[in-house]
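Hello,

Here is the structure I promised to pass on. Please have a look at it first, and then read my notes below.

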Number of protein chains: 2
Amino acid sequence: MKCIAVVMAMASEASPILTQLGAQAIPAIPLMPFKFFEADRNGCRVIVSVNGRDKRHGVDSIGTEAAALNTYVVARQYNPDLIITAGTAGGWMHRGAEIGDVYVSDQKFVHHDRRIAIPGFEEYGIGSYPAVPASGLAQALNLKLGTVTTSNSLDENDDDRRLIAKSGGVVKEMEAAAVAYVGEMLAIPVMALKAITDLVDHHTATADQFNANLLMASQRLAEKLLQVIDFCAPRSVADLG
Amino acid sequence: MKCIAVVMAMASEASPILTQLGAQAIPAIPLMPFKFFEADRNGCRVIVSVNGRDKRHGVDSIGTEAAALNTYVVARQYNPDLIITAGTAGGWMHRGAEIGDVYVSDQKFVHHDRRIAIPGFEEYGIGSYPAVPASGLAQALNLKLGTVTTSNSLDENDDDRRLIAKSGGVVKEMEAAAVAYVGEMLAIPVMALKAITDLVDHHTATADQFNANLLMASQRLAEKLLQVIDFCAPRSVADLG
């Protein structure tokens, strides 16, 4: 492929991969917080777009609205062959997850915080956008595979739990379904790569686990993301499954 | 003002105002579902942008991701002086709401389904984007005023209830905070105009109330929206308070 766009939410998540890629900052979009970086990897252009700092609140622009907008602008500007939504995520001990595991998206992207009990809208709320078939890539790079489920909350309440159980989600984060929603509209395939910072079914509070493991998980993510980019670059999207 | 953009989620909500404006369909953005319409009102250009039909699920593209993207593309294309997020909403009997009431946004736009228990991110999740001061407009046109609170669910669970009580939200819907988020980034003032289809604290299910009252509320919305546009057109944004 000629161009891969990597969409990331947090500066801390992006820092190690930007260093490893030797990526250079390039001009981004006026007024929007997104930060664009560019690198070349064996002739494949790699654009990393980070959601950036929210002006009002002074924190990284996490969540689905910023992710949808970032994906839209980077996809329109660079027309990538593949979009990778990369970052950190929660997993479940009862699903076999361990801190630092790196998952690649499998099957579909779903939302678990959009409950709209009207026929048609119910399914729209969940989303079910396709993930790039990537079982070959996962096997070659020793990555776990799982359905990624997205919400705008770091915690998980009973409604979330019910929807996650129904969809079979095994990787819980805050952006991927929004990236996949935009990717599908623009006819660009989407893959997620997510490193586990916290175990949802562990007794320690999610926020405490997240803060404790963010640096380590972001380094694990960078290591695997570089391998994923190098695996994808000489192949077509159809050759990742 | 020279241009007002009205962002709407559902075709049924938009139909009566498009008729009353005599609005004409104009070209929109390739691959995206948004539908643009244009009208002139006493020399003020009025752009109505409707979120449009989701290809995958065949329903209106409701919710915050579509609203953020629609607002972004219409604002970039037309650089309006004012963005109005218009549609239907829920209200509360204990706050004095009745079916068919039309509210204009007051003070701030908040989210009630973004729980991120990390300092700084907690406030980012809630949003608190400013609403255009519009007490003069509300008084002149006999509209109720209230804080608009947004989520991606039609229902309301205990977590939602807690956050709504904390913010003082009185109008509950699924797009406004996303529109206000984008408006603030692009430095364009945002106002909401919302007609009540359902009473959150009524014993009838929200979806049933919504379906029963959507047509009537959309007509009430169109009537008041036309008055709001005619009030705003000869004034500046600073003269609405």
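How much area do chain A and chain B bury between them? They bury about 4600 Å², with 57% of it on carbon and sulfur atoms; buried area here is the accessible area (1.4 Å probe) that two parts lose on being put together, summed over both. On the chain A side, A:Glu65, A:Arg115 and A:Tyr124 lose the most area to chain B, together 16% of what that side buries.

Before I go on, a word on conventions. This is a predicted model, in which local features need pLDDT of at least 70 and side-chain atom pairs count only at pLDDT 80 or more, while totals for chains, interfaces and linings use all residues. Residues are numbered from 1 along each chain as its sequence is written, chains are lettered from A and ligands numbered from 1 in the order in which they are written, and side-chain values use heavy atoms, with hydrogens and water left out.

**The interface**

In terms of contact (heavy atoms within 4.5 Å), 54 residues of chain A meet 54 residues of chain B. There are 24 residue pairs in polar contact between the two chains, both residues being at pLDDT 80 or more. A polar contact is a pair of N or O atoms within 3.5 Å; within protein, one must be able to donate a hydrogen and the other to accept it, and residues adjacent in sequence count only if both atoms are side-chain atoms.

Which elements of chain A each supply at least two residues to the side that touches chain B? They are helix 2 (64–78), helix 3 (121–126), strand 7 (127–130), helix 5 (158–167), helix 6 (176–185) and helix 7 (206–232). Helices (H or I, at least four residues) and strands (E, at least two) are DSSP runs, numbered from the N terminus. Helix 2 of chain A gives the largest share, eight residues. By type, that side of chain A has 30 nonpolar, eleven polar and 13 charged residues.

**Salt bridges**

A salt bridge is a side-chain nitrogen of Lys or Arg within 4 Å of a carboxyl oxygen of Asp or Glu. Over all chains the count comes to 26, and between chain A and chain B it is eight. One of those between the chains pairs A:Asp160 with B:Arg115, at 3.1 Å from N to O.

B:Arg115 also forms a salt bridge with B:Asp159, where the closest N and O atoms are 3.6 Å apart. That pair links distant parts of the chain, 44 residues apart: B:Arg115 is in the loop between strand 6 (102–111) and helix 3 (121–126) of chain B, and B:Asp159 is in helix 5 (residues 158–167) of chain B. Buried or exposed? B:Arg115 is buried, at 9% relative accessible area, and B:Asp159 is buried too, at 17%. The cut-offs are under 20% relative accessible area for buried, over 50% for exposed, and partly exposed in between (1.4 Å probe, protein chains only).

In chain A, A:Glu156 and A:Arg161 form a salt bridge with their closest N and O atoms 2.6 Å apart. A:Glu156 is buried at 15% relative accessibility, whereas A:Arg161 is partly exposed at 40%. In chain B, the side chains of B:Arg161 and B:Glu156 meet at 2.6 Å, N to O; B:Arg161 is partly exposed, at 41%, and B:Glu156 is buried, at 16%. Salt bridges that share partners also join A:Arg115, A:Asp159, A:Arg162, B:Asp155 and B:Asp160 into one network.

**Strands of chain A**

Strand 2 (residues 24–26) and strand 3 (residues 35–41) of chain A run antiparallel, joined by three bridges, and A:Gln24 stands opposite A:Glu38. Two strands pair if DSSP finds at least two bridges between them. Strand 3 of chain A also pairs with strand 4 (residues 44–50) of chain A, antiparallel over seven bridges; here A:Asp40 stands opposite A:Arg45. Their hairpin has two residues between the strands, and A:Asn42 takes a positive phi near 55°.

**Helix 6 of chain B**

Nine of the ten residues of helix 6 (residues 176–185) of chain B are buried, so this helix is largely enclosed by the rest of the structure. Among the buried ones are B:Val179, B:Tyr181 and B:Met185. Just after the helix, B:Ala187 takes a positive phi of about 60°.

Best wishes

Definitions and conventions
Nonpolar A, V, L, I, M, F, W, Y, C, P; charged D, E, K, R; others polar.
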